[in-house]
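Subject: Structure for you to look at

Hello,

Here is the structure I said I would pass on. My notes follow below it.

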Amino acid sequence: MSMNINKLFFHIHYCNGRKFKEAGKIMRKFTRTLSHHELVLVTEGLGSIVIGGKKYSLKQGMLFYIGSGVLHSLEPDSNEPPHFLTVHFSYARVNLNDGKWDITDEPRMLPLHPAQELKDAYSVQDLFHKLVDSWNAKLPGYELMTRTLLQQLFISISQSVRKQHWNDSNARKVEKIIQYMHQHINSKVTLTELSEMVQLAPTYLSRTFKETTGYAVIEFFNKIKIDKAKELLIEGDKKVKEVAQALGFTDEFYFSRLFKRMEGISPSEYYSKNVHGV
């Protein structure tokens, strides 16, 4: 899974901690199509599920993603019926462009495999339990709490999947590059320079970095710079040109264009709104 969830806004329809054997009654096979999305984590038991025409076995630690409009059916094992944690949700993409919010419905599928076995995924299971428990408790503020937990759950799932696809050596190399970026935030770095530093081919590094962080290499470096620029602007003792120079930008206007593209407003507008409240 490689997706940037920072710009996704989630709405939770409901959560469930479902058991297929309750009060001596075994629930039977069902088939349905949802108008929203669903994540299903199997916590125990056996059975089978068909998603989009493909059949998968149910067992502890399996995570299933069912997209909007996808036909699916579930058949529990009669001797060891499964237990699930589920969250039903919709989502939209939210962007800030030129100071205006742009909201786009996202009916298409998230970049998640329909079925995957999570290994050493305690954090995923722990977050899923917290999400369902928070939803069921309905304490004040639970809507915001559960949305936040759902975002954290997606991050944890993404990290778990990456651990299975990328070896520890590559993960350490990505961390080394990010540390190097922080240390050289006031200068320029190139993909070639970073590739040589970690001894990976530029194309391989680009793919690995994007899979790990959700960002292209230079895009991530620019994000670090712009985040730092916001700090420097709010401190209020540097002009836009001085902030640009402090972060290694020789062209003040390029810096301003980059800042506006990433933040939706210009550096001077950001300063005015956050320092003077204009």
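At what angle do the axes of helix 6 and helix 8 cross? Before the answer, please keep in mind that this is a predicted model.

The axes of helix 6 (residues 217-235) and helix 8 (residues 252-263) cross at roughly 95° and come within 10 Å. Angles of 65 to 115 degrees count as roughly perpendicular, so helix 6 is roughly perpendicular to helix 8. On the helix 6 side, the contact is made by Glu219, Asn222, Lys223, Ile226, Ala229, Lys230 and Leu233. Helix 8 contributes Tyr254, Phe255, Leu258, Phe259, Met262 and Glu263. Sorted by class, this contact between helix 6 and helix 8 has eight nonpolar, four charged and one polar residue.

The chain as a whole

The protein chain has nine helices and 12 strands. Of its 278 residues, 43% are buried. The accessible surface of the chain comes to about 15500 Å², and carbon and sulfur atoms account for 50% of that surface. Taking the contacts between residues at least 6 apart in sequence, 69% join residues that are at least 24 apart.

Strand 5 and its partners

Strand 5 covers residues 37-44 and is mostly covered, with seven of its eight residues buried. Which strands does strand 5 pair with? One partner is strand 10 (residues 83-97), which runs antiparallel to strand 5 and is joined to it by seven bridges. In this pairing His37 stands opposite Phe89 of strand 10. Another partner is strand 8 (residues 62-66), also antiparallel to strand 5, with four bridges joining the two.

Gln159

Is Gln159 buried or partly exposed? Its relative accessibility is 38%, so Gln159 counts as partly exposed; the partly exposed class lies between the buried limit of under 20% and the exposed limit of over 50%. Gln159 and Thr212 are 53 residues apart in sequence, and their C-alpha atoms are 7.8 Å apart in space.

That is what I have for now.

Regards

How values were computed. Residues numbered from 1 in each chain as written. Predicted model: local features only at pLDDT ≥ 70, side-chain atom pairs only at ≥ 80, totals over all residues. Heavy atoms only, no water. Buried < 20%, exposed > 50% of the residue type's maximum accessible area, 1.4 Å probe, protein only. Pairing = 2+ DSSP bridges. Axes fitted to C-alpha atoms, helices over the stretch in contact; angles between N-to-C directions. Parallel < 35°, antiparallel > 145°, perpendicular 65-115°, else oblique. Contact = heavy atoms within 4.5 Å. Nonpolar A, V, L, I, M, F, W, Y, C, P; charged D, E, K, R; others polar. Areas by Shrake-Rupley, 256 points an atom, 1.4 Å probe, with all protein chains shown as cover.
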